[in-house]
Every structure is written in C-alpha cells, then in structure tokens.
Amino acid sequence: MSTPVNGGVIQNKLLDQVIRTPNRMPSPQPTHLSVPGSGMSTPRTLPQEGSGGSGYVAPHFEGKTQQMEDVMDIIEGKGFIPVEFVEPETKWFYEQLGIDDMYFATETADAVANHILSLYGAKVAAYARDDKRLEIRLDREAVDHAVYIDTSKPGVSVVRGPQYEKRIDEKYLNGSQGSKGYRLESFRSASPLPGGSEQQLRCYFVYQCDFVDPNPKAGETNIEKIGDKRFLQKATDNTKAVYQQALEVAAERTGPVIEFFDIEGSRDKRLVIAHKQGSAMGLFSALSDLYHYYGLTTSRKYVEQFSNGYTAMSLYLRQLPGDTKHPPIEASIHQIIKEISLLYCIPQNKFQTHFMTAKLSLQETIYAHCVWVFVTHFLNRLGSEYTALSSILDIENSVHAELLSKLKRRLRTETFTADYILEIINQYPQLVHSLYLSFANSHYVQTRGEQDDFLPTLSFLRLQVDKVLSDTEMADAINKTAVNDHHLMVLNSFLVFNNAVLKTNFYTPTKVALSFRMNPTFLPPTEYPQPLYGMFLVISSEFRGFHLRFRDIARGGIRIVKSRSEEAYSINARSLFDENYNLANTQQRKNKDIPEGGSKGVVLLDFHHQDKARVAFEKYIDSILDLLLKPNSPGIKDPIVDHYGKQEIIFMGPDENTADLVDWATEHARARGATWWKSFFTGKSPKLGGIPHDRYGMTTLSVREYVLGIYRKLNLDPSKIMKLQTGGPDGDLGSNEILLSNEKYAAIVDGSGVLVDPQGLNHDELLRLAKQRAMINQFDISKLSPEGYRVLVDENNVKLPTGETVYNGTSFRNTFHLRGGQHYDTFVPCGGRPESIDLSSVSKLIIDGKSVVPYIVEGANLFITQDAKLRLEKAGCILYKDASANKGGVTSSSLEVLASLSFDDAGFIENMCIREDGTAPEFYDQYVKNVQKIIQNNARLEFEAIWREHQTSGQPRSILSDTLSIAITKLDEELQSTELWHNVAFRKSVLSEALPNLLIEKIGFDQLIERVPDNYLRAIFGSYLASRFVYEYGISASQFSFFDFMSKRMARAVA
C-alpha cells in the first residue's frame, strides 16, 4: 500500500489546496494509489544514470571538437555575429544547453551554424522589444530527421505560437506504424535564457527509426529485436528493462500500460506509457497539457517506436522550484496516471482550450465532449408542429412512419448544427463544472471491497468541498444562466444525459474508449414509437458508435460506416442514430422466427480516421465488455457503479466492414473471462465454431426461396428470366446469388462499376468471379456480346454501344438501377446503400402507371424505402421486402448461438470447431445442413403466408410483411408471460420440436435445457409457437383459431 507523503499529513494539505485554488483542481475521481501497468503498490526506484539521470547515454561523437571549430569558421565567415562573440555563443550552444552528441553527429556544420545564428538573432530581437522577452522559434525538417527549438515557460501550455508538439504528433508520431516510424528525444535547458528568468529553451529531435528487425514475427516482444538501433545503443540496461516489461504487458492488453517510477535521490518521477501504434493520435502533445495542469514540467521526454507495432514514451516529471500553488508531485503523479487513461480515449477533445487554460479539468472537458456528442444526436428540436403532425398520422402505418422520419431528418439539420451546439457549451464552463460534479457523484466508486487500500486523491477531496447540486437546483441554475431558449435546450440536455446513464467505464483505471449504458426512456415516443430495451453509446477519438436492442435477448450485426468526404461524414453523423434504430427495428421484424429480438451496432469512423476501422472496432468491443463483465484485475479494471443492476449478455454478428474482425472479438471476450465467449459473436470462423453465412450461402438461401416462390406461383421458367442485381460477385449475397441462380443476368452493379449485356452475361465467367469473390472490374470483357459493355467508377467519357456517352462513371454506377431503356424481369438488390430507391426516385421505375420491373426481392437491407415499395406494388410489381427475404442469415446465427450455449467448452471444441488440418467434425457438417433446411423451410412458410394473405385481402405485400412480423412478435411476448411456460409437459413438447433434433440427440434434452439460459429458452418457446400459429392461420386469425391451434398442440403434448 502506498504511503502518504509526510506520514499521512498529505490529506489536510491537499484539502487546503482544494479550497485555495479551485480552478486548478481536478473534478471528482477517486483512484487506487497503485501502478495500473504493473499492478504493484509501491513504485520502483530507478538509479540516476545517463545524461541528466535520463537512463540514456549518448555515444561519444569523436569529431565534435573539429565540428565546433568548423562551425565557428562558418559563423565568422557570414559576418552576422561580432568576431569577439562567435566563440562564446558557439560554446554556449555546444556546452551549456545539454544537447547530446547524437544531434551533433547527425547535423552538418552548416546546419549547426544556422541554428546558432538564429538563436543569436532572437537575442538581438529580444533586446529591441520593450519587454526584453526572448522568443526563439527554430525548425528544420529533413527526410530522415527533424529539429525544433522553442522558448517556453516551464509548466505552462502554449496556446499560441508554432505548436511544435502538435506538429510533431501530426507529421511524425501519428503516422508511425510497424517498420516505418519516428522516435523522439526532447529536453529542456537546465538554466534560464539570458534576459528572462522564466524562459527556457526546449529542444525536440526527431529521427527516422532504423530497426534491428523491421518485420518481426507475430507476437515478438524482445526489445533487442524490435528496437531501434539508436535507442538500443543509447539506453541503459535499466531503461531497456523498463520498456521490456511495459511492452510485454501492453501486448496482452487492448489499452495502454501506464507506470511511474521514483528517481533515486530526487523527487522527480519517470512516467512510462506503452500502447499500440495508431491507437491514440495526438497523445504526446496532449500529455503536456495534463502535467502542466498540475504545475509540473519535464526535463526530458522520449518517444520510442518498436517494429512490432507498439509505442513507448518516457516523461521525466519535476515540480517547479518554489511552487506553492499546486499539490506536491508525490500526490499529483497518482492523479496524472489515472487521467492518462481518459486522455488515451480522447487525446484532443473539443474543449481542450478550457483545459489548457485551467478553466476546466481534464475530466470535465472530456465529460463535456461526450455530452456534446450525445446532444448532437438527441436534442429534441422538432417543435410542437412535428408533435401535432405525428399525432394525426398513424405511426403503425409504415408509410406515415417513413414520412415522419424524413421530416425529422430535415428539421434536425436546419436548426442545431454540431458546431452551433459546441459554440453554446463553450460559453458555460462553470455550468459544465457543476453538471460534471453531479455525474461524478453518481458514477465514481469510492472503494473496491473489504481488502481495499483506497486512499483519497485530489479528485475525491475536491468532491468533499464543492457542493453537488440536485436536479432541481441544477435546473434552476441553468434557467438563471442560459441567455436564450436555444442555450437552455442544450444545457438541459446535460441533465438528460446524466439521468440516462446507468453505468459507464469513465472511471475504470484503464480503458480504450468511453462507453455508457443508457436508459433509452428519454427518447420521445413521437419520434421513436417502438421503445428500445437497451442502448450503449461509445465514444473515442477515432469514432462514435451505438448499440441498440429491442429486447433483453437480442442479436444483430455490427457495422462500420466510412465517409468518402467531410460532407458525407456530416450526413452520416446526423443520420447515425436513426439509421441504427431503423436497422435494429428491421432486424426485430426479421427475427420473427428466432428467439432473439432485434439489435444492431453502428460505428461511425471520424472523417480524419477513415483508415482506423480495426482500431475502432477493437475499442468499441472492449469498452462495451467493460460494462458487461465483472472486474477481475484490481488497478486495471475496477468495479463500476451499476444503476442497471442486472446481468446483460449481448449477441453480436458481422455486418459491413466487420466480417474479418469477428474472430478477434470472440478471442478477446474469451481472454477477458466472458463465460459466454462462444455465443458472443456469430459469423466467426469455423475454427472457432462459427457457421460462415457466405461460405454456406445462408442469407441467399432465404432470398432464393422468395425468388423461386414467385417463379413457382406464376409458372415461370427461370432460364428465360432477365435479371438485374446490385451487389456484385465480391460480396456474400451477390456471389451466392450468382452461384445458386439459373436466370440470365442482364446487368450487375457493384462497388467497381456497371456490367451490362442485353443478351445475358456469360454465366461461366460470372461463376468464376463469384468463386474468387472478385469484382466485375475483373470480368473478361471479351466474353460480352456486341451490345454488352462495362463502365467502371473511375472512368469518364465512356461511349456505350448505343452511342450514348457516360460522362462520370461513379454517377452512372450510383443511378444505374434507376435507368430506363433496358428490360429486366427480376431485380434482386444484394448490396447498396440504404434508400437507394425512395419516393423521389421511384417514378423512374414506373412508366404509364406500370412498374418496369415485374418482380423485386429485396436482399439488401433498407435498399428501397417503404413508400417507394408501395408505389411499385401499386404499379403492379410483385415485391418482397428485406425483413422477409433476407432473414436466412439471422436464422443461421441464432442456431449458431444455440449450439454455443448448448455445448460445454470441451464439447463445443470437439463438435463445432474445424480442426487444425481443416477437416470438420461430422456433427458440424450435419448441423450446417440442418440449419440450411430450417432456413429454407422458414422462408417458404413466410412466403406462402404473405402470398395467401395478399390473395385474400389485396393488401400490399410490403405492408403484410410488417403486419405479419408485428403479429408474431406481439404474440411471442404474450406467450412468454403466460402460464403456458409453467406447464412442464407442454413446455417440453414445444421445446422438443423447436430445438434441432441433432442437438437433442447429441447432448440430451435434459442436459440441453440445463445449459441454455432460462430466458433464452422462454424466447425459443414463445417465438416458435407464435410463428407457427401465424404462418398456419394467418395475420388476422380469430381467438377460436388460436384455441384450435393450442388444442392440437396440447393433445400432442399429452400424447
């Protein structure tokens, strides 16, 4: 256990500091006084060795004396410095500033001479100033190294000026990856500069790395192999040992390693941080603002890159001489290591200036940043007119619901932009401080248990002094302070946020992103008529994301959204939550045949981090796991305050841009101790027991049943059908649709362009592309007929066989599915952005009141808006929507989850995991075939039910699909809460039908019932009974029909 400075008196001293300097103290955040990186309670002490006790010893530069002579000759030759000053100025630079020999060995005599001349020029300029202030701004950037020399006051962040540290971050450190990296050495001159007692010289030296092994094997952590040659030459054995341990711990963790060490014979502290490269952009410069906030400065700073993909930093912190305004370094170091975990999540937040100028603490600014993100999505700014209109319209009517959705989107973009909201919040730092206190008072953990060695920190003591306002008092303060209604709305949203957060990892010692489990009841029912069960909000510097679910037991994919331009990002950010909500709602309707309700996760990459998809996904998953798992590593993952109070399990799956990341998520959940790791993610590789949708065509099997159902009902010969498909042979749906179909393809549109042949595209060539998962840009165009053509997105001014000129390939691709003049019988969207056909564009597919495409089966989610679907159906198109057609994937995933829950770990590995030699267990092959049959059967049942209902009622199939989904899900929920579940014989009868026979035969019914969670079995029970009743008796079946259905079921149970 750490010992307080001066035998425990520190508590009173700190409290005294809190009272005297409220602006300079952090907001409430108690901490455990330990080293999160190592888990040790007492910091290790490092000897003073190397240059200035740095732990680095620069190699001696043999030619230094001769170089100095050459430099003096050059300076004297230029004539700018009086001859008698040349030698003292040169010696001052060489001997008094503490620059080590590596700089002189790297730079030419001319470059050194120029630096000395510039320094002298700055001294002359300072003499001419009234305040005699010496300002030096030098920079020299070469291909393999850079030098920056600046004057600054120790312990003070530079708000203006050249911002060299940010420049170094942006130009060198942020882009360091693997074998391509830059290391940094920085130091502050020991003595003040002439003419100013406070100004000191700060030097930065950046060097391109030259690694011992630029391409090490996976998992390599040996510092002698992955280190830079200069680093290994200069670092002492102790320094190497420090970095070696930090790297080994970092390699086992998603987040950063943060440690500090005492320096022998000194009050100085050495702070060491290790993290994955590219996971904390701008961290180096942000750290300066953090230690400056506590009145500390650094004598030296080092940033080392390692070729295995990790970065390590060392900061040598010291207290300013004679400083009485700030807490002693022995106390503030603990607060700093705690706050670095916040800084790692968002190194540069939107309110950084308030932190740099000490108006707000780091916690307060990052809290404000998170609420700013929240407000941009949820500020209720639609007004009374929208509410009145929504009360007139029927929200159960999907057309009305879609119209309201579009109106909402329009209204939201016109009043409160993200920049306007930011501008408002920036005007009220004192209110942010008070609002943060309320948040902190609700969510910090004061102790960790009976064996706790918790000591009060600066943040905790701060909480004892400042009054935490109640909601009523806070609302009153906001009303008195806000200058107008717009400001009032934004500030009141802080209260909404505070009250909605049920749990958060904000105070977890190590984390990679900030996650909040929200109570979604704050969502206005007029805007979101279907109530959500659960909501997660995740925020990091690289992304923002949500996870929404409509039931406790729910599943759905996680997608990553990328933006091609800043305008596209702005549009994506505005629609992020609504798109997520609609996707989850579609999933809810699609999941009618399975026990899980609908959920979806959407991660939006920040515009400046479009290449960080994997980093964002890993942070998103890990931070959600922080809120699902009990902590098991004190000092690294501590308990959180849980206002939700129930255990949560979330089932996820792959979606856009995440298919290749699923295995990592599965393994990571296992590594973090999640007992449900096997069922956490579906779509994982077969070696982990996954059933890949693409390999076995699970989603396509369902889509094909609808396509074949239309042909069967209308007695059509598929080989004579002309077909259009969006989503090409490189995708899951697109490739399998090609592999399973026998129609003639008139056109295919994918990410690379458009491929057309009115005579039918060569089927063998399409099969080749589908098997290789290649785009149509690899189609052999020699196999096109004279009327065929291909236009790629990066092509312009292409002349078609018809004589028409395509001026822009991208625009042609984006609108091709709306072009006339081409004959198609069937259109199967297997890819494309949501709302590719909407009410404004659907008229292009209707000529003289008749749909130009007779049959559409919507494989891609939300490709056609609901109002556009109804227009097409009214024009005679036979159309089956996404929620019905592409449910095969969710069925496969559900059965994959069921198998994961049914087997113990050993049985799961034996029966569901592909072996090292690539062979599959016999059970796995049989189970996959069983899943495929269930998918086809479920699709057939729903197709027939919708066809029958349409024949009877004449209602559009798009409406019937939703009505059928709602009927099944409502009945499902009602059945789960009835006494039927407690009828043991009946329950066993239903479950023995609903559960796959293969699982029952392999595991045994009783064992299976014991292993699968009770709430999951209830969900299976309800969904199976509900879907079978509705499919057999129809959407509007009477109570007598249900009585008849149940009577037959009961009789079967008794028998």
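Colleague: In helix 36 of this predicted model, which residues are buried?
Modeller: Helix 36 spans residues 984–994. Its buried residues are covered by parts that include helix 38 (1005–1011), helix 39 and helix 40 (1039–1054). The buried residues are Phe-986, Ser-989, Val-990 and Leu-991.

Colleague: Why can residues three or four places apart on an α-helix point the same way?
Modeller: The turn sets the direction. Residues three or four places apart point the same way because an α-helix has 3.6 residues a turn.

Colleague: Helix 39 also holds Tyr-1016. What kind of aromatic pair do Phe-651 and Tyr-1016 form?
Modeller: The structure holds 63 aromatic pairs. In the pair of Phe-651 and Tyr-1016, the ring centres are 5.9 Å apart.

Colleague: Over the faces of which rings does Arg-517 lie?
Modeller: Arg-517 is 5.7 Å from the ring centre of Phe-536 and lies over its face. Arg-517 also lies over the face of a tyrosine, at 4.4 Å from the ring centre. The two rings are those of Phe-536 and Tyr-644.

Colleague: Which element gives the largest share of the lining of the second largest pocket?
Modeller: The volume of this pocket is about 1,100 Å³. It is lined by 45 residues, of which Lys-350, Trp-372, Arg-544, Tyr-569 and Asp-606 are the closest to its centre. Elements giving two or more residues to the lining include helix 13, strand 13 (543–549) and helix 21 (566–590). The largest share, 7 residues, comes from helix 21.

Colleague: Is Ile-738 buried or exposed?
Modeller: Ile-738 lies in helix 27 (residues 732–740). Among the residues it touches are Tyr-745, His-763, Leu-767 and Ala-770. Ala-770 is 32 residues from Ile-738 in sequence, with the C-alpha atoms 6.7 Å apart in space. At 0% relative accessibility, Ile-738 is buried.

Colleague: Where is Asp-848 found, and is it buried or exposed?
Modeller: Phi of Asp-848 is near 55 degrees, a positive value in a residue other than glycine. Asp-848 sits in the loop between strand 24 (846–847) and strand 25 (850–851). Its relative accessible area is 79%, so Asp-848 is exposed.

Colleague: Leu-862 has a positive phi near 55 degrees. Is Leu-862 buried or exposed?
Modeller: Leu-862 belongs to the loop between strand 26 (855–857) and helix 30 (866–874). Its relative accessibility is 19%. The cut-off is under 20%, so Leu-862 counts as buried.

Technical notes:
Residues numbered from 1 in each chain as written. Predicted model: local features only at pLDDT ≥ 70, side-chain atom pairs only at ≥ 80, totals over all residues. Heavy atoms only, no water. Phe/Tyr/Trp six-rings, centres within 6.5 Å; stacked < 30°, edge-to-face > 60°. Helix = DSSP H or I, 4+ residues; strand = E, 2+ residues; numbered from the N terminus. Lys NZ or Arg CZ within 6 Å of the ring centre and 35° of its normal. 1 Å grid on protein atoms, 1.4 Å probe; cavity = no way out; pocket = protein on both sides within 12 Å on 5 of 7 lines; lining within 4 Å. Points joined across faces, edges and corners; volume = space filled by probe spheres on them. Buried < 20%, exposed > 50% of the residue type's maximum accessible area, 1.4 Å probe, protein only. Contact = heavy atoms within 4.5 Å.
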